[in-house]
Amino acid sequence: MQPTDLAELMGRTTMFAHLGDTQRVALGRQMRWLCLPGGQYLFRAGEPADALYLLRSGSLGVFDGPTTLLHQLAAGECVGEISLLSGGRHHLAVRALRDSELLRLDRAAFEALIEHHPRAMLDVARVAMQRLLRNERRDAMPDKPRTFAILPVDASVPVRALALQLGKALEVHGSCMVIDAEQGAGRGSDWFAEREAQARFVIYLDSSGDALWRQRCLRQADVLLLPARAAQPARPWPEAAPGHPSLARHRPRHLLLLHAGHHVQHGAAQRWRAQFSGALQHHHVRGEDDIARVARLVSGHGRGLVLAGGGARGLAHLGALKALREAGHSFDAVGGTSIGAIIGAGVANGWDTPTLMRKFHAAFVRGRPLSDWTLPLVALTRGRRAAILLRETFGAIDIEDLAEPFFCVSTNLSGVGRVVHRRGPLWLWLRASSAIPGVLPPVLHHGEVYVDGALVDNLPTDVMADDGLAHLTAVSIRADIELRSGIEDFATPPWWRLLLQQRRGPRWPGLVSTLTRAAMVNSEETSEHCRALAQRLITPPLDHIGMLDWKDWQRAVEAGYRETMRVLEAEHA
């Protein structure tokens, strides 16, 4: 690396930016270049701190333990300065997420820098303090990915057109460059580092199947994009890394399923996902809109929608969605709890607003899902009618078959607690997510018991935030948990006296009212935290609507619409 190039790199680094060109060139002569292959440790926790490192190209991960990734370092950042200042050992481990080049400044040279340039000590301390605070919070998002490798399963996949469309979509967020084998074969690491410094995003494209070039793409990438034709028989990728998370080295893996028409081929995601182990996201790609959505998600600019539970009050989601869509807002991923999950599944399935209104009016208002009352040995209703309506509404599809990424939340009473469902029969997990204890029977599956997700997390923005989406819109349905009585008593009277009392008043709280409110109490504290995670929070006023007042569906929809319009107007005020 030329001294002037190194001086320019140091000039972009907070720690050395205050130095003059001559000083940076002199300091650069004391640095030693090293290459760190992807997956290899730079240092481990407990090892002596003897140097500061400047990342020239590639990506480093800071780990607490063998697998917990705290944050990610990009080119131009330094690492090791905290331990140098403390004079002790490294508290965390750092390893390469992909092939990386670094410049090492030994302790003696670092101490000489501090002695001759006291201002450097202030900059080092400032950077070290920011990093300590980030490590302590452990809630800072890693740097947004910059390099992507498109590695098709075989030569039949039309990856060149895909890369050009993806690059165009990424240009919305910054300059993008596509490098294929013809441009990059035989180039040295300096050439790639220079290209990555020039553009905000770089797509490394394998359209030739050349094994050496595929390995280069694999080494250069922050994110692996793995396209396949959805209709073809599933098979493993040519190299091992895409299928095995340990070899992918904490890099996100995205399976891109290319469909020939406008409809998602049911079962394709399940077949292709079976070729992988560990964490993997999949995306159905049918046209340019889907490619734009993938570009936002993989680059850290995704927009998420989270819908809360709340019984009949949750029909306010329909009004909120109508207002959001009229204002031009769309979403790249959807999640929810209870009725929020059910309506969210319709959004993820690509239904337009009239379809959402028609289907959910048929299911909840005309369908009367809680009308199959029974002897309350398990619950007040049999739950069969609710399950039939869900199957009629969505069909026998899996969550993986939805057009957009989707999750729903249930509560596992077999010792697990909150469960986030991203795979499996859609109707079944929607039924579990909405199983109000005592009103609907639980879902029994593989020996475990599942009930309404609202017991533990009625507004799961935390799940969506952990997925790395940049902007969250949440529609919160505050629980109607205040239940009051004008009676002073501790036991119900005989049935005939209770019946007269219920007719003439003051009345005992009804069984359904007690159960539905009890199911929501524990989640309110969690919901307060989750509301704070949303960049756009919509809370329709619904005090006039009970949790099971389905006949008031129009009032709920109107309340959701009006409140959403108010929030959107306030954003532009």
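What you have is a predicted model, where local features need pLDDT of at least 70 and side-chain atom pairs count only at pLDDT 80 or more, while totals for chains, interfaces and linings use all residues. Residues are numbered from 1 along each chain as its sequence is written, and side-chain values use heavy atoms, with hydrogens and water left out.

Let's start with the sheet. Six strands make up an open sheet, ordered E8-E9-E7-E10-E11-E12, with parallel pairing. Strands here are DSSP runs of E with at least two residues, helices are runs of H or I with at least four, and both are numbered from the N terminus. Two strands pair if DSSP finds at least two bridges between them. At the edges sit E8 (176-179) and E12 (281-285), each of which pairs on one side only. From one strand to the next, the twist averages 20 degrees. For a look at one pairing, take E11 (residues 253-258), which joins E12 in the parallel sense through five bridges. His254 stands opposite Gln281 in E12.

Now for the helices on the sheet. Helix H6 (residues 159-170) lies across E7 (147-150), E8, E9 (201-205), E10 (223-229) and E11, and it runs at about 175 degrees to E9. Axes are lines fitted to C-alpha atoms, for helices over the stretch in contact, and angles run from 0 to 180 degrees between N-to-C directions. Helix H12 (residues 288-298) lies across E7, E10, E11 and E12, at about 155 degrees to E12.

With 2% relative accessibility, Leu166 counts as buried (buried means under 20% relative accessible area, exposed over 50%, partly exposed in between, using a 1.4 Å probe and protein chains only). Setting aside neighbours within four places in sequence, Leu166 is in contact with Ile150, Ile203, Leu225, Ile291, Val294 and Ala295, contact meaning heavy atoms within 4.5 Å. The C-alpha atoms of Leu166 and Arg293 are 9.6 Å apart, although 127 residues separate the two along the chain.

Further along come the helix pairs. Two packed helices are described by the angle between their axes and the distance between the axes. H14 (residues 339-348) packs on H15 (residues 353-366) at about 145 degrees, with axes 10 Å apart. On the H14 side you'll find Ile339, Ile342, Ile343, Gly346 and Val347, meeting Leu356, Phe360 and Phe364 of H15. That contact has seven nonpolar, one polar and no charged residues. (Ala, Val, Leu, Ile, Met, Phe, Trp, Tyr, Cys and Pro count as nonpolar, Asp, Glu, Lys and Arg as charged, and the others, Gly among them, as polar.)

The axes of H15 and H16 (residues 384-394) come within 10 Å and cross at roughly 165 degrees. H15 is therefore roughly antiparallel to H16 (under 35 degrees is roughly parallel, over 145 roughly antiparallel, 65 to 115 roughly perpendicular, and the rest oblique). Lys359, Phe360 and Ala363 in H15 meet Leu389, Thr393 and Phe394 in H16.

Finally, H16 and H17 (residues 426-433) pack at about 135 degrees, their axes 9 Å apart, so H16 is oblique to H17. H16 brings Ala386, Ala387, Leu390, Arg391 and Phe394 to this contact, and H17 brings Leu426, Trp427, Leu430 and Arg431. By class, that gives seven nonpolar, no polar and two charged residues.
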